[in-house]
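Please open the structure in your viewer and keep the sequence beside it. The tour goes from one selection to the next and says what is found at each stop.

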Amino acid sequence: MNAALSQTLIAAEEVSKEFLIPQGMWRRLTGQPRLAVHALNGVSFQINRGETLGIVGESGCGKSTLARCLVRLFDCDDGRVRFEGQDIADLKGADRRAFNRRVQMIFQDPYSSLNPRMRVREILGEALSVHKMRPRAQIPARIAELLDLVRLPSDAADKFPHEFSGGQRQRIGIARALAVEPDVLVADELVSALDVSVQAQVVNLLLQLQEKLHLTVVFVAHDLRLVRHISHRVAVMYLGKIVEIGPTEGLFSSPRHPYTKALLDAAPELDPTKRNRTVAARGELPSPINLPTGCLFNTRCPRAFDRCFVERPLLSDRTPAHRAACHLTDFGAPSLQNLEAIS
Ligand code: SF4
């Protein structure tokens, strides 16, 4: 794999992914084309080395599919994902194994990914052995280090997954990912199945590990509070596209896309003093089988105008650090708030 000199560690370039729907008898007999769920529709962004990028959006917006494309659990139908400049679809042999080690995914439900018949010592030992991370004699000491890293007591090594709480099992999942000394952690809804108080503990642990180990983290979640807490930058997804991406505080304080604003309005506890009671996202999420023509958000956007129904907006290059895909803000309005102030 090429050595990387640039800050960009991972780059998604126009990534698209669809899933064919099983065809019913009637459609087959009448020769109608197969239907597909358009899960990702040309997603482009970059992740810099050592940063945490939050990916947020409603359920069904494609964020989990994107996470799986980043670790190559799914292959893209179109576009590519580059890791240190190299298309991950081209990686073979030792390069593929190195990628699999360096980019680790942590799942929402660690219980289903932890072998219930293995003690934690065996789970972590297996990860260390498969990738030859330590000589056999050093594995017990490394297991103790990993448990300490995720704040589990050393006697946890002798227990089975079912003997732990949900939050503790997530810590085991994190320890297993860290065992292979990755550069990147992709956390897909890491804490959404946990109680709120436990969520905060696990997210704070991830925050500390990211700083301590200089990890690059992709944090996929639907909870805006958690994403704001942990992320340096945030990408907002809608119907398989990124509609806004920018530094966390800028995006939360001055959203540039009406959908981001709708998400923030739907989470009033984020900042009660600036609560806006207007419901910006009316109606239902359109089907990802039949995507709207033009802007994907036009069926729900309170600001939609003629152009929005014929032309799909691109992420604006006008302000490279904080980009939105909206015809309104591409006119040059620095944020939706400013736009409202002058309209
Ligand atoms: Fe709304 Fe039009 Fe902007 Fe889409 S492009 S978010 S429909 S104003």
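Select Tyr259 to begin: its relative accessibility is 2%, so Tyr259 counts as buried, where buried means under 20% relative accessible area, computed with a 1.4 Å probe on protein chains only. This is a predicted model, in which local features need pLDDT of at least 70 and side-chain atom pairs count only at pLDDT 80 or more, while totals for chains, interfaces and linings use all residues. Residues are numbered from 1 along each chain as its sequence is written, and side-chain values use heavy atoms, with hydrogens and water left out.

Tyr238 belongs to strand E9 (residues 233-238) and Tyr259 to helix H11 (residues 258-265), 21 residues apart.

Next, select Phe297, which is buried with a relative accessible area of 1%. Phe297 and Tyr259 form an edge-to-face pair, with 5.3 Å from centre to centre and 65° between the planes. Tyr259 lies in helix H11 and Phe297 in the loop between H11 and strand E11 (323-324), so this pair ties together parts that are 38 residues apart in sequence.

Methods: Helix = DSSP H or I, 4+ residues; strand = E, 2+ residues; numbered from the N terminus. Phe/Tyr/Trp six-rings, centres within 6.5 Å; stacked < 30°, edge-to-face > 60°. Buried < 20%, exposed > 50% of the residue type's maximum accessible area, 1.4 Å probe, protein only.
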